[in-house]
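Student: I would like to learn how to read strands and helices in a model. Could we go through one together?

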Amino acid sequence: MHFLQCINQVRTRDDMGSVMRVIAEQLGFQYFALTQHVDVVAAGSGVIHIHNYPDRWADFYAANALGITDPVHRACHMTSWGFRWTQMPTLIPLTSGDHRHLARGRQAGIGDGFTIPSNIGGQPPGSCTFANEGDRPLREDRLLLAQLLGNYAFDAARRLWSMPRRAMTAPLITDRQRDCVQWAARGKSDWETSQILDISRETVTSHIKDACARYQVNKRILLVGRTLGDGTLTISDIGGWSHPHFWE
């Protein structure tokens, strides 16, 4: 409760960093990171990215845009619960590049870690990580508390950073446009969609073109991605969870 109160009292980004250093130390960790999974250099100051990693690792991480390709971040998409880095092979296939990435981290002084995902539709995914050097094992008895505090801290960081979002007073596209995008996402052609919705093929094409314009994209795959990102469509809407191949 003391830690939660400390997080609640944070009013600046510097204060958040100071509180996280204390929390990490008290939980038996040497390092912490609150970060959104983006190219931190390109995103600038508007992105959540605070940590106390060794400088040589932080510089390499930023210079190579590892916020996008980091295997730890990819694994965050496969679970809502915190995971140790040693568990990653059970969550995602690790490439040779991933193994080189992890080895370079160990050379820089980052051994095992515990990462808590924080994913909210319409915002860049993120996570809170606690880590130690290679010769300092993680304390198993502190991981549950790390899960609670990591989630809470990242939620507080989102509010503090105040990432701009499109006002959600109304949907960006109409109901009929949404219907057309939904069937396109399910792999239907404009003609097939027209038969399902009992409208003309030209009308379907027009609806999708207008939806692309409203989302400021020029490809249907990008349109589907944007509608999934802001909650206009969900995986269930496009048949992802119910499709038999999804479970194979």
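Student: In which sense do β1 and strand β2 pair, and over how many bridges?

Tutor: Two strands pair if DSSP finds at least two bridges between them. Here β1 and β2 (residues 49-51) pair in the antiparallel sense over three bridges. Strands here are DSSP E runs of at least two residues and helices are H or I runs of at least four, numbered from the N terminus.

Student: What should I know about the model itself?

Tutor: It is a predicted model, where local features need pLDDT of at least 70, side-chain atom pairs count only at pLDDT 80 or more, and totals for chains, interfaces and linings use all residues. Residues are numbered from 1 along each chain as its sequence is written, and side-chain values use heavy atoms, with hydrogens and water left out.

Student: How many bridges join β1 and strand β5?

Tutor: β1 and β5 (residues 126-131) pair over six bridges, in the antiparallel sense. There, phenylalanine 32 has phenylalanine 130 of β5 as its bridge partner.

Student: Are the residues of β1 buried or exposed?

Tutor: Buried means under 20% relative accessible area, exposed over 50%, and partly exposed in between, with a 1.4 Å probe and protein chains only. Six of the six residues of β1 (residues 31-36) are buried, so the strand is largely enclosed by the rest of the structure. Tyr31, Ala33 and Thr35 point one way, while Phe32, Leu34 and Gln36 point the other way.

Student: Now the helices, please. How do helix α2 and helix α8 pack?

Tutor: Two packed helices are described by the angle between their axes and the distance between the axes. Axes are lines fitted to C-alpha atoms, for helices over the stretch in contact, and angles run from 0 to 180 degrees between N-to-C directions. For α2 (residues 13-27) and α8 (residues 143-161) the angle is about 175 degrees, and the axes are 11 Å apart. That makes α2 roughly antiparallel to α8 (angles over 145 degrees).

Student: Which residues of α2 make the contact?

Tutor: Contact means heavy atoms within 4.5 Å. From α2 come Arg13, Met16, Met20, Ile23 and Leu27, and the residues of α8 include Leu149 and Trp161. By class, this contact has twelve nonpolar, no polar and one charged residues. Ala, Val, Leu, Ile, Met, Phe, Trp, Tyr, Cys and Pro count as nonpolar, Asp, Glu, Lys and Arg as charged, and the others, Gly among them, as polar.

Notes: Angles under 35 degrees count as roughly parallel, over 145 as roughly antiparallel, 65 to 115 as roughly perpendicular and the rest as oblique.
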